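Welcome, and please have a look at the model below.

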Amino acid sequence: MSLAIVHSRARLGIQAPPVSVEVHLANGMPSLTLVGLPETAVRESKDRVRSALQNAQLDFPSLKRITINLAPADLPKEGGRFDLAIALGLLAASGQIPGDALAECECIGELALSGELRPVQGVLPVALACREAGRTLILPRANAAEAALVKGVELIAADHLLALCEHLRNEQPLPALAPPPPSPAPKVAELADVQGQQQAKRALIVAASGGHNLLLFGPPGTGKTLLASRLPGILPPLQEQEALEVAAIQSVCDRTPLTAWPGRPFRAPHHGASAAALVGGGSQPRPGEISQAHNGVLFLDELPEFDRKVLEMLREPLESGCIHIARAREQLTFPARFQLIAAMNPCPCGFQGDPSARCRCTPEQVQRYRSKLSGPLLDRIDLHLAMHNEPFSMGAEHSRGVPDTLTAAAQVLAARQRQAARQQGLNAHLGLDGIREHCALEDADAGWLEQAITRLGLSRRASHRSLKVARTLADLAGEARISRAHLAEALQYRQLDRQPGH
């Protein structure tokens with residue numbers, strides 16, 4: 001009898017826990033038993049592996065009693081990612097490849113009946129885990145470009161099982177992997193294409209500078225959606241670790257190759273999205289829109305049209321930057337450090353406050369419309385800005401607005417660099433200790449702020465968020481301390497709290 005152990009990785013959320021594929025060959029009645037909590041696609045791998053070995057001119061030990069164990073036994077296994085590990089385990093146990101060649105390796109890949117290696121999802125988290133463990137990753141060549149995004153991991157990529165076996169037997173080494181080509185710079189929308197709306201552009205720059213959440217409300221056609229789409233273009237480029245986190249989530253969620261590397265994600269789900277689609281979940285939990293917007297922007301257009309229960313599920317992720325999914329068999333945590341940009345109309349018809357006086361909504365209708373947004377949710381949105389229709393002109397002097405994307409991006413980058421040097425993080429993420437240390441006020445300004453908060457009826461959370469916005473305004477101005485002018489401007493961005501009918 002003989003035993004071979006090959007290491008692979010399961011996919012649990014966006015983590016890749018290790019799995020040992022143990023193959024035991026013994027004398028007795030010929031059979032093949034697969035244990036270790038496999039789901040249907042994993043149980044079917046024994047048929048794919050048998051055909052792949054035979055069509056690759058390799059021997060399948062059909063006269064032996066074969067037992068394959070996927071350890072740990074209590075971890076659910078799903079997908080075709082274990083095909084390659086099972087095939088190599090059978091070959092090592094039957095002496096067709098040396099077992100020592102697999103001692104420091106991990107395998108992932110699906111097998112075709114012809115022996116070809118097919119790509120699988122979730123390779124990037126596996127490559128990250130292999131780098132942390134100091135192990136070599138064997139994978140299909142179609143996944144090599146994705147795994148190569150992780151610097152410092154050793155890869156062995158093949159197109160066919162037979163070519164991989166020849167490499168492991170030192171008969172025909174596989175060609176070295178070529179370095180991935182440089183990714184083209186992601187296209188960004190031009191901020192200057194938005195005419196007028198200088199106050200809204202100012203709020204957008206403030207939100208980008210401090211990582212603050214922003215709510216735009218106003219009549220249809222004022223440019224709310226247009227402005228929101230310009231936010232990714234003025235945000236700084238992702239750092240390497242941030243880009244890997246974004247790519248790992250995309251690797252798990254999408255079957256298509258990675259796109260827009262290393263651009264910031266911009267997610268805009270429809271207002272009919274379910275709770276599982278927005279925050280994640282399902283029978284086999286998957287990341288939702290908030291996790292796919294990690295390190296990027298989540299844009300919710302027509303905010304009151306979302307189901308209220310769905311919106312309330314955003315409250316915890318907005319504070320913690322992650323989402324916890326609890327199921328009977330497992331508990332998962334997905335990252336969700338996103339920047340929320342929301343847009344809404346001021347009333348059901350959308351024209352309250354418009355100079356055309358087209359609005360015929362009663363106060364009760366307006367109150368019912370706005371009551372879809374709870375106070376705790378609005379408290380977690382730092383900036384509330386009312387937008388209005390501006391005079392239309394076809395003149396050349398009005399064809400483009402100011403500032404442009406490059407100018408705004410430079411302002412945002414400078415403000416974020418000041419925050420990084422001072423507190424190693426964004427102002428929007430400051431805790432209570434950080435507020436006390438970095439948002440300190442002069443005694444006269446502190447007294448003025450207390451009176452203003454009392455008159456406006458703001459909660460303590462809203463007050464803290466206004467302080468953090470004021471800190472961002474000071475950073476944009478290049479000033480070390482928060483002045484009363486910064487406080488006054490920050491308090492102006494709580495307009496929805498003071499609107500009639502809310």
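What follows is a short tour, grouped by topic.

This is a predicted model, in which local features need pLDDT of at least 70 and side-chain atom pairs count only at pLDDT 80 or more, while totals for chains, interfaces and linings use all residues. Residues are numbered from 1 along each chain as its sequence is written, and side-chain values use heavy atoms, with hydrogens and water left out. Helices (H or I, at least four residues) and strands (E, at least two) are DSSP runs, numbered from the N terminus.

**A largely enclosed helix**

- Helix α8 (residues 224-234) is largely enclosed by the rest of the structure, because 8 of its 11 residues are buried. Buried means under 20% relative accessible area, exposed over 50%, and partly exposed in between (1.4 Å probe, protein chains only).
- Those buried residues are Lys 224, Leu 227, Ala 228, Arg 230, Leu 231, Pro 232, Gly 233 and Ile 234.
- They pack against several elements, including α7 (198-210), β12 (297-300), β15 (339-344) and α16 (405-423); contact means heavy atoms within 4.5 Å.

**The β13-β14 hairpin**

- Strands β13 and β14 form a hairpin with 4 residues between them.
- The strands run antiparallel, and 5 bridges join β13 (residues 322-326) to β14; the bridge partner of His 324 in β14 is Thr 333.
- Which residues of β14 (residues 331-335) are on its covered face, and which on its uncovered one? Leu 332 and Phe 334 make up the covered face, whereas Gln 331, Thr 333 and Pro 335 make up the uncovered one.

**Salt bridges**

- A salt bridge is a side-chain nitrogen of Lys or Arg within 4 Å of a carboxyl oxygen of Asp or Glu, and by this rule the count comes to 22.
- Glu 104 and Arg 135 meet through their side chains in one of them (3.9 Å, N to O). Glu 104 lies in the loop between α3 (83-93) and β5 and Arg 135 in the loop between α4 and β8, so this pair ties together parts 31 residues apart in sequence. Arg 135 counts as buried, at 16% relative accessibility.
- The side chains of Arg 267 and Glu 289 also meet in a salt bridge (2.7 Å, N to O). Because Arg 267 lies in strand β11 and Glu 289 in helix α11 (residues 289-292), the pair ties together parts that are 22 residues apart in sequence. Arg 267 counts as partly exposed at 26% relative accessibility, and Glu 289 as buried at 14%.
- Arg 380 and Glu 319 form another such side-chain pair (3.5 Å, N to O). Salt bridges that share partners join Glu 319, Asp 379, Arg 380, Asp 382, Arg 461, Arg 465 and Arg 494 into one network.

Note on methods. Two strands pair if DSSP finds at least two bridges between them.
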